[in-house]
Amino acid sequence: MINGNVSHWWQQIGAPEQRPALPGDLSVDVAIVGAGYTGLWTAYYLKRARPELRIAVIEARHAGYGASGRNGGWLTNAITGGREQYIESHGFEAAERFQRAMNETVDEVIRVADREGIDADIKKGGEFNVAYTPAQEARIRAFAASEQRSKHTDLQLLEADEAKAKINVAGTRAAVWHPHSARIQPAKLAAGLADAVERSGVEIYEGTRVVEISPHRLHTDHGIVSAEYIVRATEGFTAGLKGLRRLWLPMNSSLIATEPLPQHVWDELHWSEGEVLGDFAHVYMYAQRTADDRIAIGGRGVPYRYGSRTDTDGQTPAVTVETLSEIMHRFFPATRDATIDHVWSGVLGVPRDWAATVGLDRETGIAWGGGYVGTGVTSTNLAGRTIADLILGEDSELVSLPWVNHRVRKWEPEPLRWIATKGLYTAYGIADRAELKGRETTSPIARIADVITGRH
Ligand SMILES: Cc1cc2nc3c(=O)[nH]c(=O)nc-3n(C[C@H](O)[C@H](O)[C@H](O)COP(=O)(O)OP(=O)(O)OC[C@H]3O[C@@H](n4cnc5c(N)ncnc54)[C@H](O)[C@@H]3O)c2cc1C
């Protein structure tokens, strides 16, 4: 079993050859920090709209090194933190516009991949979430009723038999499915997008670390970059930048990938349409059937490291492999003998209120996109298009969406941050175990944890 080495996705396509570093001081129109999906989509749409702009992307390692090359490959229409918060803050219609934009963004990513010749193993089979305890069942039924109030969710509630015919998860009591999600191979999308961006004339400098972002200026370990606009696209790594330690909490998420599974296993599991699979546990799991017939299944692992430290190449503790394997075996007993080929982790950014944001401060010229928690694969494209519109001063539908220029308070200082995060995940774990033993309703421990985290 390979542990770390960035991700199984990069392992599959081979580590990329690093592009040259920044050769020294540079002056451009737009400087983007981070070559993940946020930075690359922003560069892509800016350059398409204004080919004359000089745009540079500055990346500490290589394009797709972060979460964009490591994630679970859910290209989903989910709004980070849920639509409910926007109904409360901006009203029903604004939340509806946001949902419609997310649906359209799933198709936009698929369309651009096609246009740019990016083969990212994309298969749009929708999103399937399952409930396998009485308390989860109660939550899923309430969720379905709430989602069905929206015109754009297209959510179906499936009873146990119908659900098991789609994906045969042991112990299924009910499930929900909607069509607005696709499975992707994340590193193929990141690598293909970086090539497309470069082909369009954007400069990408790799192996170059930004130390500090100041108005119209980046201080890097290879020189100073001056620009009219700066885009901060560092998501889970943002805490490493000067002055931003408490903005977004770097949360770890981990995945395992099995060996390719034989046909007799798939005959039992069904799961043939490229659906992405999740559940209604508090510490939820997420999974996909890969294009080469593996199961890649992810979850929280060790969620947070003291002092907002981030990992290097995705090294993952053995206990996480055990936890994720145990979930997979419980869901799919037919996978008990499957070898685990790879385990890895990555880091994502969690704002204090669990709500993603994009924005631009005109005075400093600094734009940003991130805080997507675990739902950034689609949101990064919407972020990229929105940041491009903000920079270009377009009065578009996108810049009026309710996540634009949203500000949130900082996380608590250490050791409070560590104690709180560790305590909350312990609480969610206890709640899940109580529910697995048959508790009929959502554990009050989880309800209290939700209030404290600001999770909706
Ligand atoms: C394990 C895991 C599973 C996930 N699964 C899903 C999923 O299935 N579906 C979904 O929607 N979302 C998922 N997510 C979240 C999603 O992957 C992210 O939200 C998204 O990829 C964020 O993209 P980004 O470009 O903003 O950040 P990143 O991809 O993290 O890119 C940031 C880049 O900035 C670079 N960088 C950082 N600091 C500096 C610096 N100081 N100087 C220069 N460069 C710097 C990094 O090297 C990195 O390349 C998952 C995340 C993880 C970690």
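For sorting residues by class, Ala, Val, Leu, Ile, Met, Phe, Trp, Tyr, Cys and Pro count as nonpolar, Asp, Glu, Lys and Arg as charged, and the others, Gly among them, as polar. The structure described here is a predicted model, in which local features need pLDDT of at least 70 and side-chain atom pairs count only at pLDDT 80 or more, while totals for chains, interfaces and linings use all residues. Residues are numbered from 1 along each chain as its sequence is written, and side-chain values use heavy atoms, with hydrogens and water left out.

By class, its shell is made up of 18 nonpolar, 16 polar and 4 charged residues. In total, 38 residues surround the ligand, a residue being counted as near if one of its heavy atoms lies within 4 Å. The closest are Thr 38, Glu 59, Ser 68, Val 210 and Gly 374. At least two shell residues come from each of helix H2 (37-49), strand E13 (249-258) and strand E17 (340-350); helices (H or I, at least four residues) and strands (E, at least two) are DSSP runs, numbered from the N terminus. Strand E17 gives the most to this shell, with 3 residues.

In the side chain of Thr 38, an N or O atom is 2.7 Å from an oxygen atom of the ligand. Trp 74 places a backbone N or O atom 3.0 Å from a ligand nitrogen atom, and Val 377 has a backbone N or O atom 2.8 Å from a ligand oxygen atom. Taken alone, the ligand exposes 1,000 Å², of which the protein buries 98%; these accessible areas come from the Shrake-Rupley method with a 1.4 Å probe, and for residues only the protein chains shown count as cover.

On a 1 Å grid over the protein atoms alone, a cavity is a set of points where a 1.4 Å probe fits but cannot get out, and its lining residues have an atom within 4 Å of a point. Grid points are joined across faces, edges and corners, and a volume is the space filled by probe spheres set on the points. The largest cavity has a volume of about 50 Å³. Its lining consists of Ile 79, Thr 80, Tyr 86, Phe 98, Met 102, Ala 356, Ser 379 and Trp 403, or, by class, 6 nonpolar, 2 polar and no charged residues.

Helix H3 (84-90) and helix H4 (92-115) are the elements that give two or more residues to its lining, which divides into 2 nonpolar, 2 polar and 4 charged residues.

Some backbone features also deserve a look. Most residues other than glycine have a negative phi, and most peptide bonds are trans. Asp 121, although not a glycine, has a positive phi of about 50 degrees. This residue sits in the loop between H4 and strand E5 (127-131). Asp 121 counts as buried because its relative accessibility is 16%, where buried means under 20% relative accessible area, exposed over 50%, and partly exposed in between (1.4 Å probe, protein chains only). The side chains of Asp 121 and Lys 188 are joined by a polar contact of 3.2 Å; such a contact is a pair of N or O atoms within 3.5 Å, and within protein one must be able to donate a hydrogen and the other to accept it, with residues adjacent in sequence counting only if both atoms are side-chain atoms.

The loop between H10 and H11 holds Asn 405, which is not a glycine but has a positive phi of about 60 degrees. Asn 405 is partly exposed, at 33% relative accessible area. Pro 415 lies in the loop between helix H10 (379-392) and helix H11 (416-436), and a cis peptide bond with omega of about 5 degrees joins Glu 414 and Pro 415. Glu 412 is also found in the loop between H10 and H11, and is partly exposed with a relative accessible area of 22%. Glu 412 and Asp 389 are 23 residues apart in sequence and 33 Å apart in space, C-alpha to C-alpha.

Key:
On a 1 Å grid over the protein atoms alone, a cavity is a set of points where a 1.4 Å probe fits but cannot get out, and a pocket is an open set with protein on both sides within 12 Å along at least five of seven lines; lining residues have an atom within 4 Å of a point.
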